[in-house]
Structure formats: structure tokens, C-alpha cells
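I opened the model to look up a few residues and their surroundings. My entries follow in the order in which I made them.

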Amino acid sequence: MSLWRDALHLLERRLDEDLLPALYAAASLDTQEIRRELQSEDLAYADPSEGRLPPVEDLDASSEVLIEKARKRAGAVGAAGGVAGAAGVPPEVLALLVQTLRLAQRLSVVYGFDPETDRGQVMLWRAMGAAYEVDMPDG
């Protein structure tokens, strides 16, 4: 019994240390890529390092555009998953999680947080926790 418990503990540790960070890195968007995307679409975003601090109303308008695009993509993913039936549920869930992560990264950049920094990642994960109604630790 102890052997199984040790093996499961080791597997859990490997998932935490290797697989989850690798999946996060594979699914993530580059901050500079997000900024270029926002610029090409003429959407306002905050970049405190460059002194770019548009009015909050402009940032909110940018967020609404991004949220509407994500909503449409989610609808397309849901429709595709519906066609596949029960077999499409796991890939659909994964696709929606990736899409939610990317939306959260885009919104972070809009409001002036860089998701590639420690501070930005804390804000990102707190936002993801709020989106899925998961209690996040204070620390």
C-alpha cells in the first residue's frame, strides 16, 4: 500500500513541477504579441512602463471587445464539441480553459499587468480563480 501511495505522490509532484508549467507555457500568449494585437485593432491598453495610461473607460471598451470575441470563439468551440457528442467533451473543456487563460492574459495586458511577471501572474491567477469561483489563497 505504501508503494502505491509513494508512486502517486511522486506522480503528483511531477505533474506540479513539470507538466502543468509546460502546459501553461504552451497555452500562453506572449505579452508583446498581445500588445501588437491590441495596437493593430486600435484598442486602448495601459502600459505603465511606457507611460501609456488611457482613461479607464477606454480600457473597459477594449475589454468589452475582447470579451465579445472570446464569447464568439467559445460558441464556435461549443458547437464543434456538440457535433462530436460525448467524445468531444474533454477536448472542448481543454479548449475553453485555454481560451479563458488567453482572455485573462489579454485583459491583464489591457489593464497594465504583464502576465509574464510575478505580479502579473498573481493578478492573472486571482482573476482565473474568480472566473471559476475558486477560492484562492491569500499568499
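I located valine 93 in helix α4, residues 89-110; helices are DSSP runs of H or I with at least four residues, numbered from the N terminus. The model is predicted, so I kept to its limits: local features need pLDDT of at least 70, side-chain atom pairs count only at pLDDT 80 or more, and totals for chains, interfaces and linings use all residues. Residues are numbered from 1 along each chain as its sequence is written, and side-chain values use heavy atoms, with hydrogens and water left out.

I found valine 93 partly exposed because its relative accessible area is 44% (buried is under 20%, exposed over 50%, partly exposed in between; 1.4 Å probe, protein chains only).

I then noted that Val93, Leu97, Trp125, Tyr132, Val134 and Met136 make a nonpolar surface patch of about 510 Å². Such patches take residues with over 30% relative accessible area and no salt bridge, nonpolar side chains being joined within 5 Å; a salt bridge is a side-chain nitrogen of Lys or Arg within 4 Å of a carboxyl oxygen of Asp or Glu.

Serine 108 also lies in helix α4, and I recorded it as buried, at 8% relative accessible area. Beyond neighbours within four places in sequence, serine 108 is in contact (heavy atoms within 4.5 Å) with Phe113, Pro115 and Leu124.

Aspartate 42, in the loop between α2 (31-40) and α3 (56-84), has a positive phi near 55° without being a glycine, and is exposed at 72% relative accessibility. Glutamate 133, in the segment after α5 (118-131), is likewise not a glycine and has a positive phi of about 55°; glutamate 133 is exposed, with 74% relative accessible area.

Key: Patches are made of residues with over 30% relative accessible area and no salt bridge: like charges are joined within 9 Å, nonpolar side chains (Val, Leu, Ile, Met, Phe, Trp, Tyr) within 5 Å. Accessible areas come from the Shrake-Rupley method with a 1.4 Å probe; for residues, only the protein chains shown count as cover. Helices (H or I, at least four residues) and strands (E, at least two) are DSSP runs, numbered from the N terminus.
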